[in-house]
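Biologist: I have a structure open and would like to go through it. Can you put it up and take my questions?

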Amino acid sequence: MLDVFRYRYLLRLLIRKGTQTRYHGSVLGWTWSYVKPAAQFGIFYVVMGVFLGLDRGIDNFPIYLFSGIIVINLFNEAFGNATKSIVNNKALVKKIYLPRELFPVADVFIAFVHFLPQLAILLTVLLVVGWAPTVVQVAGAVLAVLIVLAFALGLGLLFGSMNVSFRDSQNFVEIILMFATWTSPVLYPFVLVRDQLPGWLFDVYMANPLTVAVELFHSAFWFSTTPETMERPEHLWLLAGIAIVVVSGFIAVGQIVFRRLEGRFAQDL
């Protein structure tokens, strides 16, 4: 991973290429970065908010929902793209020497760039409704983004290296991404999980880095627009510390597996 910083110029080229070619040949272009999350939000809002009545149980439910959705979208895109990064760049991997970690790292950065338009939509709505966050809440949102990006990178290194030899890894990742939306408090409040699970299992649920990131976003963008009677998870910053430890472990494991399998990349591709 340290070699990536020595090849910053190549990293910038990969990020620029990824962002410029994403909507190449598309009529709407970058407008899709706004249309897709808006359509996703509309579907979830109708199903969870209107049909299941969460709109009546959670104040400012649209803000609650959208602030969680964009966190999961960031993770899904970063992790999904990082998993396919080595295979998608097989021509470069087979022909020239460069740190192969450049490819998953670049895809994680590209996902962050595509996350910014979604964040802009959320901030626009918040400014209209009179958003007044504290410095601590904003710091929590920044930490949440870093947790998600680091988590996606660690998993991307792990599954991206395995995907070169075992293409089933990509299908397994798709299952993980499908579960990611439902195993974090995006479409429902965390209190529903707390009331249904035994204490130890709820602690495991709250130790999930994605759960922590979503709740940090809720704390920064949603909670400050609601009455103080709305509940937040206890010891959220302690949970953030646990999430950092978990994410660091995944990055270490991902790097170890990546380095062990890297020698087979050119042959298996």
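Modeller: What follows is a short talk through the core, some helices and a few single residues.

Biologist: What should I know about the model and its numbering?

Modeller: This is a predicted model, so local features need pLDDT of at least 70, side-chain atom pairs count only at pLDDT 80 or more, and totals for chains, interfaces and linings use all residues. Residues are numbered from 1 along each chain as its sequence is written, and side-chain values use heavy atoms, with hydrogens and water left out.

Biologist: Which residues touch the most other members of the largest nonpolar core?

Modeller: Phe75, Phe79, Leu122, Leu216, Phe217 and Phe221 do, in a core of 84 residues. A nonpolar core is a set of buried Ala, Val, Leu, Ile, Met, Phe, Trp, Tyr and Cys residues joined through side-chain atoms within 4.5 Å. Buried means under 20% relative accessible area, exposed means over 50%, and partly exposed is in between (1.4 Å probe, protein chains only).

Biologist: Which helix gives the largest share of this core?

Modeller: Helix α8, residues 135–165, with 16 residues. Helices here are DSSP runs (H or I, at least four residues), numbered from the N terminus.

Biologist: And what is Phe79 in contact with?

Modeller: Leaving aside neighbours within four places in sequence, Phe79 contacts Ala152, Leu155, Gly156, Phe159, Val173, Ile176 and Leu177. Contact means heavy atoms within 4.5 Å.

Biologist: How do the axes of α8 and α9 cross?

Modeller: At roughly 145 degrees, and the two axes come within 8 Å. Axes are lines fitted to C-alpha atoms, for helices over the stretch in contact, and angles run from 0 to 180 degrees between N-to-C directions.

Biologist: Which residues make the contact?

Modeller: From α8, Phe159, Met162 and Asn163; from α9, Ser169, Gln170, Phe172, Val173 and Ile176. They divide into five nonpolar, three polar and no charged. In that count Ala, Val, Leu, Ile, Met, Phe, Trp, Tyr, Cys and Pro are nonpolar, Asp, Glu, Lys and Arg are charged, and the others, Gly among them, are polar.

Biologist: Staying with α9, which of its residues are buried?

Modeller: Ser169, Val173, Leu177, Ala180 and Thr181. They cover an arc of only 115 degrees around the axis, so they lie on the same side of α9. The arc is that of the directions from the helix axis to the C-beta atoms. On the other side of α9, Asp168 and Met178 are exposed.

Biologist: What does Thr181 touch?

Modeller: Phe44, Ile72, Asn76, Val186 and Leu187, not counting residues up to four places away in sequence. Thr181 has a relative accessible area of 11%.

Biologist: New topic. Where is Pro99?

Modeller: Pro99 is in the loop between α6 (90–95) and α7 (102–129), and is buried at a relative accessible area of 3%. Its C-alpha atom is 8.1 Å from that of Tyr7, 92 residues apart along the chain. Apart from neighbours within four places in sequence, Pro99 contacts Asp3 and Tyr7.

Biologist: What is the phi of Asn60?

Modeller: Near 50 degrees, a positive value in a residue other than glycine. Asn60 is in the loop between α4 (54–57) and α5 (61–88), and is partly exposed at 35% relative accessibility.

Biologist: And His235, is that buried or exposed?

Modeller: Exposed, with a relative accessible area of 57%. His235 lies in the loop between α12 (209–222) and α13 (236–261), and its phi is also positive, near 55 degrees.

Methods
Helix = DSSP H or I, 4+ residues; strand = E, 2+ residues; numbered from the N terminus.
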